[in-house]
Amino acid sequence: MYVKVAICLTFAILLLISCSIYVGTIDAKSYFFPLLQPPPLRLSLCATDRPLRVYMYDLPRKFNAGMMDRGTSQVAAPATVENFPPWPKTSGLKRQHSVEYWLMASLLYDEEEGSEAIRVSDPEMADAFFVPFFSSLSFNKHGHVKTDAEADADRQLQVELLEFLRQSKYYQRSGGRDHVIPMTHPNAFRFLRQELNASILIVVDFGRYPRNMSSLSKDVVAPYVHVVDSFTDDDPLDPYESRTTLLFFRGNTVRKDEGKIRVKLAKMLAGIDDVHYENSVGTPKSFKMSTKGMRLSKFCLHPAGDTPSSCRLFDAIVSHCVPVIVSDKIELPYEDEIDYTEFSIFFSMKEALEPGYLIDQLRRFPKDRWINMWMRLKNVSHHYEFQYPPKKEDAVNMLWRQVKHKLPGVRLAVHRSRRLKVPDWWRQKR
């Protein structure tokens, strides 16, 4: 009897498996030959909600924090959260190019909640690799000093960093494509930057980068770190009437390239009662006067500088002063997430130089529309705050999210490079 029951059960099980295979609910290969199954596909990072996993190289302090403290510049051990120095309050204009500092600080901070990126100790687990070299601070520290010895110090750091990266199997594996390198000063990494053109560069614009080195497709546009104080209690009964200056500009009017427009605008806007257009340099007193002036102005003028952008735009944003942007080649941070036309006004350089046109447009600008822009500025200004510890949706976390958006393109380039015999064949004449 038991033999018959066993035979019947075996027959029933075999019948059930056969039917399942026939209708497709069981993969026969995986059922009978599990070892022949391929490994599961690695999902695109953008298809997940998890934070970006970043491996940060342990570089000696001379490449980063050592530049802020001469006493530790020759210490071989890397900076840690315990000995990482605070950003100095007396840094002046150097602060505007300090994005590299805040990105590194965010990875030293060991808190995953609300973070777009977390540091991993195993490089095999990393989605991206961060190179903590303060290239902008290196230029500000060494490059501005007109001596061969100081210039050589900046160059030597770049040479040593390249040697370090070329010995890294992870840099070799991707050709540097998944490596994140901040270069926010126009002259950052000026001697050897072309050697890193495959990496994800953190830049403020593309004014001094050739097209074959830097582009929106692979690089991340960062905001300057603002140098005026943020306006945290901007709640007047009538914000439009409380700001008595129509248009405000305070900065260096002698600039290169597109920035030459500043001198022309100074002549055009001179003598207009409710327009403040003043030549100044970056000093602590000047920052305080700019803070006060922006808070009392409806519109803040942002003409191009030596490159298409400048810190002034982000000073205006945190002052809730509607930016008036005059720059034909400017690129803006997080523009896949933020629509700048909701709180900024744009003029071409040609339009801005047409006598009377710019001021006429601002005088005719509807009050209710201005108030909507002012409210929008208050809602977005936290995206332009660099701070430690980092906060959810602040500038650092927005930048890490931008890096995350670049990684599918990085993976595509890496995979194609492994099989292409003729690189970039589609660019050749057909």
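Predicted model: local features only at pLDDT ≥ 70, side-chain atom pairs only at ≥ 80, totals over all residues.
How many disulfides does a search of the whole structure find? The search turns up one. The bond runs from Cys300 to Cys321, with the two sulfur atoms 2.2 Å apart. In general terms, a disulfide is a covalent bond between the sulfur atoms of two cysteines. Cys300 belongs to strand S9 (residues 297–303), while Cys321 is found in the loop between helix H10 (312–318) and strand S10 (322–326), so the bond ties together parts that lie 21 residues apart in sequence.

Cys300 has a relative accessible area of 1% and is buried. Cys321, at 0%, is buried too. Another cysteine, Cys311, has a relative accessibility of 6%, which is under the 20% cut-off, so Cys311 also counts as buried.

Next come the aromatic rings. Across the whole structure, the search picks out 22 aromatic pairs. One of them brings together Tyr55 and Tyr57: the ring centres are 5.6 Å apart and the planes meet at 85 degrees, which is over the 60-degree cut-off, so the pair is edge-to-face. Tyr55 pairs with Phe129 as well, and here the centres are 6.0 Å apart with the planes at 65 degrees, so this pair is edge-to-face too. Taken together, Tyr55, Tyr57, Phe129, Phe164 and Tyr170 make up one aromatic cluster.

Tyr57 has a polar partner besides its ring contacts. Its side chain makes a polar contact of 2.9 Å with the side chain of Ser168. Ser168 is placed in the loop between helix H5 (148–166) and helix H6 (169–174).

The charged end of Arg155 sits over the ring of Phe191, 4.1 Å from the ring centre. Over the face of Phe231 lies Arg295, with a distance of 4.4 Å to the ring centre.

On one side of the pairing list is strand S4 (residues 179–182), which runs parallel to S5 and is joined to it by three bridges. Strand S6 (residues 220–221) also pairs with S5 in the parallel sense, this time over two bridges. Ile202 takes part in both pairings: its bridge partner is Pro182 in one and Val220, in S6, in the other.

Which way do the side chains of S5 point? Ile200 and Ile202 point one way, whereas Leu201 and Val203 point the other way. In S5, Ile200, Leu201, Ile202 and Val203 are all buried, whichever way they point.

Methods
Residues numbered from 1 in each chain as written. Heavy atoms only, no water. Buried < 20%, exposed > 50% of the residue type's maximum accessible area, 1.4 Å probe, protein only. Helix = DSSP H or I, 4+ residues; strand = E, 2+ residues; numbered from the N terminus. Pairing = 2+ DSSP bridges. Polar contact = N/O pair within 3.5 Å; in protein donor to acceptor, adjacent residues only side chain to side chain. Phe/Tyr/Trp six-rings, centres within 6.5 Å; stacked < 30°, edge-to-face > 60°. Lys NZ or Arg CZ within 6 Å of the ring centre and 35° of its normal. Disulfide = S-S within 2.5 Å.
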